[in-house]
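Here is a short report for a first look at one protein model. Keep the sequence and the structure in view while reading.

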Amino acid sequence: MQNVTTIAVIGASEERNFPILKELSERYHLLLFDKNEKALLDIHERLVAQNRHGYIEKMNCAVNASWEADIIILSGIYVNDQDAIEKIKEVATAKIIIIMENEDDFTKSISRQLSFDLIFPHSKIVEIINVSTDKMAEKEFLLEGHDSKALDTVSGIFDRCGFTTFVSQLN
């Protein structure tokens with residue numbers, strides 16, 4: 001029997017990520033965290049309603065969610081939240097950390113790739129940028145990172161969920 005990968009989503013109430021979370025919840029265990037408890041409850045209820053047999057858990061602590069997970073997704077305001085990043089840094093060692101970008105975040109964090117690598121020196125950073133031109137069908141993503149194995153892992157996860165990925169390995 002194969003172990004199911006557990007993914008912590010820090011910034012789970014980011015509405016634009018709902019289609020991604022819905023697809024992930026059908027194949028992986030999800031640990032959802034967000035400081036906005038009302039929005040987190042709403043996202044959790046919607047995911048459970050669409051996937052009654054999925055393992056989808058609300059977490060009240062980003063550190064606990066990150067510690068229990070195999071892969072960590074930082075999304076929304078948490079991409080630039082120094083306090084949250086510092087808190088999960090200790091439990092993120094040797095894990096893949098996915099930085100979920102949208103167009104607004106991309107310009108802010110394009111210069112941060114190096115800083116994420118410095119903050120998480122023993123983790124594998126993969127940035128995901130939504131490159132879909134159709135906002136109603138956001139299914140195309142650019143993956144950037146330094147570690148080829150991490151890029152392959154994340155690309156495989158997104159490909160199995162029905163998304164199209166374009167991989168760019170940075171030197």
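Which residues does Leu32 touch, not counting residues up to four places away in sequence? Val9, Ala12, Leu40, Ile43, His44, Leu47, Ile56, Glu57, Lys58 and Met59. Contact here means heavy atoms within 4.5 Å.

## Basis of the model

This is a predicted model, in which local features need pLDDT of at least 70, side-chain atom pairs count only at pLDDT 80 or more, and totals for chains, interfaces and linings use all residues. Residues are numbered from 1 along each chain as its sequence is written, and side-chain values use heavy atoms, with hydrogens and water left out.

## The chain as a whole

The chain has 7 helices and 8 strands. These are DSSP runs, numbered from the N terminus: helices are H or I with at least four residues, strands are E with at least two. Of the 171 residues, 49% are buried. Buried means under 20% relative accessible area, exposed means over 50%, and partly exposed lies in between (1.4 Å probe, protein chains only).

Now take the contacts between residues at least 6 apart in sequence. Of these, 64% join residues at least 24 apart.

In soluble globular proteins, nonpolar side chains tend to be buried together.

## Helix H1 against helix H2

Two packed helices are described by the angle between their axes and the distance between the axes. Helix H1 (residues 18–25) and helix H2 (residues 37–50) pack at about 45°, with axes 10 Å apart. Axes are lines fitted to C-alpha atoms, for helices over the stretch in contact, and angles run from 0 to 180 degrees between N-to-C directions. H1 is therefore oblique to H2. Angles under 35 degrees count as roughly parallel, over 145 as roughly antiparallel, 65 to 115 as roughly perpendicular and the rest as oblique. The crossing is right-handed: the near helix is turned clockwise from the far one by less than a right angle.

H1 brings Phe18, Leu21, Lys22 and Ser25 to the contact. H2 brings Ile43, Arg46, Leu47 and Gln50. By class, the contact has 4 nonpolar, 2 polar and 2 charged residues. Ala, Val, Leu, Ile, Met, Phe, Trp, Tyr, Cys and Pro count as nonpolar, Asp, Glu, Lys and Arg as charged, and the others, Gly among them, as polar.

## Inside H1

H1 is mostly covered, with 6 of its 8 residues buried. They are Phe18, Ile20, Leu21, Glu23, Leu24 and Ser25. Glu23 has a relative accessible area of 16%. Leaving aside neighbours within four places in sequence, Glu23 is in contact with Cys161 and Phe163.

## Buried strand and loop residues

Leu31 is in strand S2 (residues 29–33). Leu31 is buried, at 1% relative accessible area. Ile7 is 24 residues away in sequence, yet 6.2 Å from Leu31 in space, C-alpha to C-alpha.

Ile56 lies in strand S3 and is buried, at 11%. The C-alpha atoms of Ile56 and Leu24 are separated by 10.0 Å, and the two residues are 32 apart along the chain. Asn51 sits in the loop between H2 and strand S3 (56–58). Asn51 is buried too, at 13%. Beyond residues up to four places away in sequence, Asn51 touches Ser25, Glu26 and Ile56.

## Toward the surface

Ala94 is found in the loop between helix H4 (82–89) and strand S5 (96–101). Ala94 counts as exposed, at 52% relative accessibility. Its phi is near 70°, a positive value in a residue other than glycine.

Lys124 is in strand S6 (residues 124–130). At 27% relative accessibility, Lys124 counts as partly exposed. Leaving aside neighbours within four places in sequence, Lys124 is in contact with Ala94, Lys95, Ile96, Ile97, Asp147 and Ala150.
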